[in-house]
Protein chains: 2
Amino acid sequence: MQKKKAPPGRRSFCPLNASVEMLGDRWSLLILRDMMLRGYQTFNEFLHSDEKIATNILADRLRRLESYGIISSRQDPADGRKLIYSLTAKGIDLAPVITEMVLWAARHEETGNQPLVRQMRTAKEQLLADVRERWEEKHSSLNS
Amino acid sequence: MQKKKAPPGRRSFCPLNASVEMLGDRWSLLILRDMMLRGYQTFNEFLHSDEKIATNILADRLRRLESYGIISSRQDPADGRKLIYSLTAKGIDLAPVITEMVLWAARHEETGNQPLVRQMRTAKEQLLADVRERWEEKHSSLNS
DNA sequence: CAATCTCACTTGCATATTGCAAGTTAAATC
DNA sequence: GATTTAACTTGCAATATGCAAGTGAGATTG
């Protein structure tokens, strides 16, 4: 668990502020959801997600998330045009944050994706374990 | 648990998107932290928080949070100038989101407020229960 | 093997949001 | 009655966002 020193420009030393400075915008968490829950890995996959992010914003967010160490990228060995984005350990560790945000909205707003919500509600810990395990598998296969 | 119909302008029906549309900016969650963890209740208290929000942004965020039903406001009976802002049930229900965001940053970034972080780590459920209980007390005393 | 297509962007530009500083108004305090 | 305090609003410059069109490297097709 390697910690980065807080950038000089940070507004305060509160951990919540650090989170908000990295993730507090209208797109970053949606990209991470796509990676975590849907297995999306490439620019085009993120691009065609329901919320219709613009290409310049997507490029910027991927850059920022990578600069924070939340995701990493490498070339697809099978197709030199593609970049494969994946979650780092720091990124996969956001699963509880995303889960709680999904559950909160599902409790208080009219939203869709009830199967996921049900699974999160009835078996939160198990889902988190599954997400992590899928990631570990993928991740370990990279170093072999 | 009364649900609002999603505004027509929502980008998708994913619950995470709903959360992000309500809370995905650099200030909203910090204001809620101040209310939840520090007991702040008035414009000036929020204003003098570490992160130094501007007055126009603060006014706008309080308005938005109120429009989403996350906070509510009423006049201070003891001082007609003051407005007292408080969390609604929907607002207090964000405690797990905030907790997970604090824990995530504390795990991966260099941040302060170690006592709070330790408490969250070792007794997350208890802390959530405490926060909720404090709120229930305050809330019930309003209807008496 | 040249033309076409796909992928991951970048660029230009209009619009929206943010941030700062200075006002404003009503209510309290001196 | 004058000053202070609380909660804003207003004006304006700087920044961020969103859309449409373009670019360049690598893959595919005829």
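Visitor: Which residue in β2(B) stands opposite B:S72?

Guide: The model is predicted, with pLDDT of at least 70 needed for local features and 80 or more for side-chain atom pairs to count, while totals for chains, interfaces and linings use all residues. Residues are numbered from 1 along each chain as its sequence is written, and chains are lettered from A and ligands numbered from 1 in the order in which they are written. Strands β1 (residues 71-76) and β2 (residues 79-87) of chain B pair in the antiparallel sense over six bridges (strands pair if DSSP finds at least two bridges between them; helices, H or I of at least four residues, and strands, E of at least two, are DSSP runs numbered from the N terminus). Within these strands, the residue opposite B:S72 is B:S86.

Visitor: How many residues lie between β1(B) and β2(B)?

Guide: The two strands run antiparallel to one another. They form a hairpin, and the number of residues between them is two.

Visitor: Which element gives the largest share of the side of chain A that touches chain B?

Guide: In this interface 45 residues of chain A are in contact with 45 residues of chain B (contact: C-beta atoms, placed from the backbone, within 7 Å). Helices α1 (15-23), α2 (28-38) and α6 (95-108) of chain A each supply at least two residues of that side. Its residues divide into 20 nonpolar, eight polar and 17 charged (Ala, Val, Leu, Ile, Met, Phe, Trp, Tyr, Cys and Pro are nonpolar; Asp, Glu, Lys and Arg charged; the others, Gly among them, polar). The largest share, 11 residues, comes from α6(A).

Visitor: Which residue of chain B does A:I98 touch?

Guide: A:I98 is among the residues that touch the most other members of the largest nonpolar core, which has 68 residues (a core is a set of buried Ala, Val, Leu, Ile, Met, Phe, Trp, Tyr and Cys joined through C-beta atoms within 7 Å). Elements giving two or more residues to this core include α6 of chain A and α1 (15-23) of chain B. Not counting residues up to four places away in sequence, A:I98 touches A:L29, A:L32, A:R33, A:M36 and B:L16. The partner in chain B is B:L16.

Visitor: Which element supplies the largest share of the surface near DNA strand C?

Guide: Of the 19 residues around DNA strand C, A:T42, A:F43, A:N44, A:A59 and B:G80 come nearest (near: C-beta atom, placed from the backbone, within 6 Å). This surface has six nonpolar, seven polar and six charged residues. The largest share, four residues, comes from α4(A).

Visitor: Which element holds that place for DNA strand D?

Guide: Around DNA strand D there are 19 residues, of which A:G80, B:T42, B:F43, B:N44 and B:N56 come nearest. They divide into six nonpolar, seven polar and six charged. The largest share, four residues, comes from α4(B).

Visitor: Is A:K82 buried, exposed or partly exposed?

Guide: A:K82 is in strand β2 of chain A, and beyond four places in sequence A:K82 contacts A:T42 and A:D76. Counting C-beta atoms placed from the backbone, a residue with 20 or more others within 10 Å is buried, one with 12 or fewer is exposed, and one in between is partly exposed. With 15 other C-beta atoms within 10 Å, A:K82 is partly exposed.

Definitions and conventions
Two residues are in contact if their C-beta atoms, placed from the backbone, lie within 7 Å.
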